[in-house]
Structures are given as C-alpha cells and as structure tokens.
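User: Could you walk me through reading a few features of a model like this one? I would like the general idea each time, and then the case at hand.

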Amino acid sequence: MNNTIEIIKNHRSIRQYLDKDIPDEIIDEIIISAQAMPNSINGQQTTIIVVKDKAKREKLAELTGNQPHVAEAPVFLVFLIDFYRTYLAAKKNHVEQVVHEYVEGTEVGSVDAGIALGAATIAAESLGLGVVPIGGIRKNPEKVIELLELPKYTFPVVGLVVGYPADKSHKKPRIPFNSYRHIDKYDKKIVESSIDSYDDQMASYLKDIGRYDKEKNWSSQTSGYYKLNYYPKVKAIMERQGFTNK
C-alpha cells in the first residue's frame, strides 16, 4: 500500500503532547488541505478557527468538559458549520437564505465539516503531528460562541487538538471489518454476531491500557453514553444561531 494509506490506517488519538510550537506554515498546510476537500454545491459552508492563544485554549479545555490536552497542545482547531458567508452571498443577490432553517442545512454543514476534519487529521499526521477530535466543543456551545465571537448562522460542531506527540499511544481496535463493510445490502446478522467478539477484543485492549475497570468493553461504554442526550444544550443554541431544523 502507499504511504498515504499507511498513515490513515495507523491513526490513533493522542492526548499527551510536547511543549513545542507548530510553525505557522505547517498549520496553514493543514488548513489548506482541509479546504481542498469536496463540499456541497461548492457552498463552502465550513470555517476553521485556529486557536493558539493560551488563555483561550485553557478556557476551551474547561468548556469541552475539562479536557487538559485542549490546553496543553499548542493548537486547537474549531470546525464551524458556517452559513453566515452564504447568507452574505444571498443578501448580495437580493435573495432570502432559508437553508439554515432546515435539517438539510445542518446535515450539509455537518458532513462538510466532517470531511474537512478527516483531511486535517491525515495532513497533520503526515507531518509528524498527533491529533484528537473533540466532540465536547458542543458541551457548552453558547460560551464557545461568545469566546470565539461567532456570528449568526454559524455553529461549532467539532474541535481538533493538534501537537507533537509526547507518546505514541495505543491503537484502538475497530469493529470487525465485515460488520463495517456491507455489500449490496445491510447484513443485520453479521452486525448482531460481531458485538460479542468485538466486546472481547475491546476488553483485552482496555486491560492493556489500564482502563478496563472504568469502560469494560465497547457495548458497555457506548450504551452508557447513548442512554441519554449528553450535550443537551445543542438544540436550543442552534436555534438561537438560526438553525431551527425544520
């Protein structure tokens, strides 16, 4: 396989970083790579905010659920759904923009931000950097919006910690490949039969890294999250930003 595929397959989340700055030109290369990715109708409804200011990173570490690596790494990227730019384009053409009021707008912005996040991840890792995505950017979205001075029709959907790894970290096993890749139709039997074996694999991994007592296995961990709406402020703050999700 080629080097790009090997980099992708070797991904692991990094939560320990060296106290070492990243040159601006490297950060820009990561952002340029993200911007080059496909997006819906060339609307380019994403924006990335590069947060280098230490005080802001410390505040974001708190707002994302007290995640210290957000502050410890030299750069934190915030990926926005951004329909403010397209709102200005509509205004220029004397048209009322309404896409942000519909679920489709949220879907479009989220998918495009996810594509950009993937590209930024691969670009950063190809340059010897480590990353970890931060969904906790949605934990206190109203305060993130205030801190980053975000306008109407924008929403912080995900963050990405970027820095030089202090350790290599363990590579987390994924669900069985035949449960992830389906051919021509969704195969429920394969999915159902894969859960026990994957739980066993994850339990072994968690024992190796000393987190078994807390997380147990995959099904235990995910059901612990998905039994509740763990970021309950999202809907109300999205509505305040103009995303009514009709």
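User: Let's take salt bridges. How many does a search of the whole structure find?

Analyst: Eight salt bridges turn up in the search of the whole structure. Keep in mind that this is a predicted model. One of the pairs is Lys59 with Glu62, whose side chains meet at 3.4 Å, N to O.

User: Where do Lys59 and Glu62 lie?

Analyst: Here is the general idea first. An α-helix has 3.6 residues a turn, so residues three or four places apart point the same way. In this case, Lys59 and Glu62 are both in helix H3 (residues 54-63), three residues apart, which is about one turn of the helix. Lys59 is partly exposed at 33% relative accessibility, and Glu62 is partly exposed too, at 43%.

The pair Glu239 and Lys235 sits in helix H12 (residues 234-240), four residues apart, again about one turn. Their side chains meet at 2.6 Å, N to O. Lys235 is exposed, with a relative accessible area of 58%, while Glu239 is partly exposed at 34%.

User: Glu215 also forms a salt bridge with Arg211. Is Glu215 buried or exposed?

Analyst: Glu215 has a relative accessible area of 9%, so it counts as buried, the cut-off being under 20%. Its partner Arg211 is partly exposed at 29%, and the two side chains meet at 2.7 Å, N to O.

User: Now to helix H2. Which of its residues are buried?

Analyst: In H2, Ile27, Ile30, Ile31 and Ala34 are buried. They cover an arc of only 95 degrees around the axis, so they are on the same side of H2. The buried residues of H2 pack against strand E1 (46-51), strand E2 (75-82), helix H6 (103-126) and strand E4 (154-163).

User: How do E2 and E4 pair?

Analyst: For strands, look at the sense and the bridges. E2 and E4 are antiparallel, with eight bridges between them; Val78 has Gly159 in E4 as its bridge partner. Strand E3 (residues 130-134) also runs antiparallel to E4, joined by five bridges, and there Val131 is partnered with Val162. As for burial, 10 of the 10 residues of E4 are buried.

User: Which residues touch the most other members of the largest nonpolar core?

Analyst: That core has 51 residues, and those touching the most other members are Ile30, Phe76, Leu77, Phe79, Leu160, Val161 and Val162. Leaving out residues up to four places away in sequence, Leu77 has contacts that include Ile30, Ile31, Val50, Leu160 and Val162.

Technical notes:
Residues numbered from 1 in each chain as written. Predicted model: local features only at pLDDT ≥ 70, side-chain atom pairs only at ≥ 80, totals over all residues. Heavy atoms only, no water. Core = buried A, V, L, I, M, F, W, Y, C linked by side-chain atoms within 4.5 Å. Buried < 20%, exposed > 50% of the residue type's maximum accessible area, 1.4 Å probe, protein only. Contact = heavy atoms within 4.5 Å. Helix = DSSP H or I, 4+ residues; strand = E, 2+ residues; numbered from the N terminus. Arc of directions from axis to C-beta. Pairing = 2+ DSSP bridges. Salt bridge = Lys/Arg side-chain N within 4 Å of Asp/Glu carboxyl O.
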